[in-house]
Number of protein chains: 2
Amino acid sequence: MSRGTVPELLERNEITELQQWLAEHQPHEIADEIARADELGAVLLFRLLGKDEALTVFEELDPPDQQKVLSGLRDHSFRELVEAMDPDDRVRLLGESPAKFAHRVLAGLSPPERATTAALLGYPEGSVGRFMTPETVTIRQYMTVSQALDRVHDRGADAETVYTLLIVDDQRHFIGTVSLRDLVLGSAGQRVSEFAETDAPRVKATDDAEDAARLMQDANLLDLPVVDSEDRVLGLLTIDDAVDLIEAADSEDIARQAAATPWSGHYMSASVLQLARSRIVWLLLLIVAATLTVNVLQFFESTLEEVTTLALFVPLLIGTGGNAGAQAATASVRALAVGEVRTGDILRVAWRECRVGLTLGLALAAIGMVLGTVFVHVRVAATLAVSLIAVCAWAAMIGASMPLLAKRAGIDPAVISTPLVTTLVDATGLIIYFLVARAFLGL
Amino acid sequence: MSRGTVPELLERNEITELQQWLAEHQPHEIADEIARADELGAVLLFRLLGKDEALTVFEELDPPDQQKVLSGLRDHSFRELVEAMDPDDRVRLLGESPAKFAHRVLAGLSPPERATTAALLGYPEGSVGRFMTPETVTIRQYMTVSQALDRVHDRGADAETVYTLLIVDDQRHFIGTVSLRDLVLGSAGQRVSEFAETDAPRVKATDDAEDAARLMQDANLLDLPVVDSEDRVLGLLTIDDAVDLIEAADSEDIARQAAATPWSGHYMSASVLQLARSRIVWLLLLIVAATLTVNVLQFFESTLEEVTTLALFVPLLIGTGGNAGAQAATASVRALAVGEVRTGDILRVAWRECRVGLTLGLALAAIGMVLGTVFVHVRVAATLAVSLIAVCAWAAMIGASMPLLAKRAGIDPAVISTPLVTTLVDATGLIIYFLVARAFLGL
């Protein structure tokens with residue numbers, strides 16, 4: 001057992017203790033400590049690793065942390081490392097790096113690796129092409145099982161996966177897939193064509209990578225064939241990349257839902273300024289939008305002065321409306337993300353959520369009635385109760401519809417964040433409240 | 001091309017058209033339509049499927065939708081279907097079913113399948129045991145590659161996966177794993193022991209399933225060995241189940257973040273009452289908590305009456321504070337979920353977020369200063385600006401710390417939802433605002 005945590009050991013520069021810690025831990029645990037450390041610490045930890053383990057650990061780092069480690073390495077180790085990376089991982093790293101760093105990576109590569117990398121970099125950001133591996137094993141449908149297994153044996157070492165084999169014709173056109181499992185369970189003389197899945201799902205390299213990953217999850221696929229516009233085989237999207245894609249998409253959606261700009265680094269290695277930057281834009285937009293509430297209150301200032309007790313319930317009312325809207329918006333964004341709702345469902349969704357909001361509003365109105373009566377008197381209580389019903393129905397309806405409208409307009413639905421919905425409901429909720437108050441209190 | 005969408009065809013009962021639609025679509029697309037349909041429609045669609053395809057489609061349904069389909073089937077088809085399910089999928093279905101339905105499932109099973117199912121059901125909910133497959137291929141380390149491949153050939157048909165083979169001793173103790181890839185790439189005479197990964201990560205059947213799934217993602221594993229407390233092999237957790245676990249956990253976290261109770265069904269097949277039920281409890285708790293804001297406003301009523309213009313900025317101030325708190329809480333909950341932050345980091349997190357909040361507050365204060373001056377006058381503007389700085393720092397700090405405190409107390413950190421943080425910040429933000437106002441306006 002080493003004495004102290006890794007950050008403490010790094011602080012005290014205790015090399016022997018660090019080496020012992022590294023020997024006792026798994027690559028993914030080491031990767032986590034590297035991600036949490038600053039650049040100096042990360043590079044020190046990384047240099048203490050053996051060559052093979054270093055590569056394994058490196059592959060488990062996120063791109064910003066890979067960059068952190070690489071920046072601290074000398075040319076020779078730097079080149080060795082980027083040359084050994086899988087092409088799809090390398091492309092992801094380059095996609096998130098500043099130009100100068102990307103240039104250094106590309107310059108360090110051998111010509112064939114550079115060509116592969118450049119080809120993948122040619123696909124649009126966020127497309128399947130950026131995440132697929134071109135290193136696959138292709139076979140022919142007239143082969144026997146034993147011929148196909150021989151080919152896997154000969155060619156498999158360079159491939160990222162050998163569990164899904166691609167059946168192609170002379171021009172590399174996609175014919176189907178066959179799993180290594182079927183070959184191993186089959187008998188030597190059977191033909192590959194007997195096992196071929198010719199209607200296996202496949203995607204184009206220019207298709208959206210997140211959609212492809214969700215397709216793999218829905219259809220329980222280990223690997224998804226990737227083809228070009230003429231149905232020629234380009235590579236495979238593997239499940240490990242699909243899982244990372246789904247997780248990254250979920251993290252992005254979650255960050256957006258709280259009105260922050262997603263960023264791909266480690267939370268603990270982000271600086272105060274980086275965190276502030278990822279949040280400030282939305283906060284500024286929202287405070288400007290919140291100016292609406294000032295306008296509304298100013299418009300109804302005479303009502304407010306006449307019945308100052310109305311002000312007592314403003315935070316409670318708009319807070320509750322915001323909460324109901326946030327629940328509906330979050331449910332709608334998630335249902336869109338996992339494919340349970342489509343943009344065509346908008347009227348159905350709006351009508352359902354309106355009824356859900358009314359149901360919730362009725363329950364909350366009962367509490368509002370009690371609170372209003374206790375704190376002020378029954379007419380203000382009635383105002384509050386009726387407003388709660390109207391605000392909840394309105395909040396749930398627009399909260400659930402806005403993400404679908406956004407998607408229809410080609411905007412990421414997750415942009416309809418909880419704070420955005422809350423802010424909009426604040427202003428409209430106040431209008432509802434004061435209109436109800438005027439009617440009920442005869443102002 | 002069929003004429004109309006599936007719901008329309010179901011409505012009009014156009015069997016031929018439905019059959020054509022089914023023939024033209026992939027199992028996961030069919031599963032999606034079944035999930036969206038009501039019970040009658042779901043069962044009709046399902047019965048139109050061929051036997052093999054029916055099983056594939058069934059496996060891609062979520063447990064509530066599986067139950068919907070099964071409930072509409074006659075005993076014979078019902079039994080055939082549950083008998084053919086993978087044991088881990090069956091256990092998941094039973095875990096989410098009412099007792100009467102579960103009883104019917106268990107009663108329909110053959111004795112060996114019932115025994116396997118009962119064994120898995122013995123593990124706690126949410127543990128690895130509930131999701132693992134006991135159907136694996138075990139080998140011995142003294143076997144040659146060709147002996148091992150023969151064994152896979154003979155035994156593999158019943159196994160859920162043959163890509164990760166478990167090396168065991170006479171008492172089924174875990175020795176290590178070997179991948180089918182290594183065997184196929186190796187030469188016939190080599191020993192299994194040459195390829196054995198003896199320090200491969202493994203988990204106990206009683207461990208938390210979500211943690212195990214995240215470990216698989218971090219370490220890029222296709223399958224994760226599951227052992228008992230004496231290190232005897234029980235089965236494997238496969239990547240398809242891990243992906244589903246991660247997605248379900250993310251959906252749960254997202255629902256909790258918006259203060260809704262997570263539920264595992266399809267959004268479009270949930271009724272208005274089901275949706276309302278999943279949201280009402282938190283809304284009720286939050287409106288009760290929001291009563292604090294009424295108390296605070298009542299306490300400062302004299303201040304408010306003296307300077308009624310203070311009321312103009314109440315929604316803007318508490319809304320902004322709520323937004324800043326929501327951002328911090330969401331970042332903290334997510335960092336905990338993906339393992340980037342541990343409970344021991346709480347002081348570091350609180351201090352960082354306090355500084356992030358101050359930074360954000362300074363930027364927002366500039367806008368507050370302008371707004372306050374335009375709408376009222378400079379002293380109210382200064383009150384607003386200073387309050388914004390204090391509220392943002394406070395909101396970010398408690399928003400980020402509360403999830404860590406919750407985790408320390410053994411509560412799911414995702415319970416610290418955006419609406420909960422917003423509601424707490426509302427009340428405390430008002431106190432800050434009025435205290436600053438009293439000081440600045442000399443009340």
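## Helix packing in chain A

In this predicted model, helix H19 (residues 378-408) of chain A packs against helix H20 (residues 418-441) of chain A at an angle of about 145°, their axes lying 8 Å apart. H19(A) passes H20(A) in a right-handed crossing. The residues of this contact (heavy atoms within 4.5 Å) comprise 20 nonpolar, 5 polar and 1 charged. Axes are lines fitted to C-alpha atoms over the stretch in contact, and angles run from 0 to 180 degrees between N-to-C directions.

## Extent of the interface

Chain B contributes 116 residues to the contact and chain A contributes 115 residues. The buried area, meaning the accessible area (1.4 Å probe) lost on being put together and summed over both parts, is about 10,200 Å² between the two chains, with carbon and sulfur atoms giving 63%.

## Polar and charged pairs

The interface of chain B and chain A holds 12 salt bridges, defined as a side-chain nitrogen of Lys or Arg within 4 Å of a carboxyl oxygen of Asp or Glu. Arg342(A) and Asp32(B) form a salt bridge through their side chains, at 2.8 Å from N to O.

On the side of chain B that touches chain A, helix H15 (residues 272-299) of chain B gives the most, with 18 residues. The residues of that side divide into 63 nonpolar, 27 polar and 26 charged.

## Basis of the values

Residues are numbered from 1 along each chain as its sequence is written, and chains are lettered from A in the order in which they are written. Local features need pLDDT of at least 70, side-chain atom pairs count only at pLDDT 80 or more, and totals for chains, interfaces and linings use all residues, while side-chain values use heavy atoms, without hydrogens and water.

Notes:
Helices (H or I, at least four residues) and strands (E, at least two) are DSSP runs, numbered from the N terminus. Ala, Val, Leu, Ile, Met, Phe, Trp, Tyr, Cys and Pro count as nonpolar, Asp, Glu, Lys and Arg as charged, and the others, Gly among them, as polar. A crossing is left-handed if the near helix is turned anticlockwise from the far one by less than a right angle, and right-handed if clockwise.
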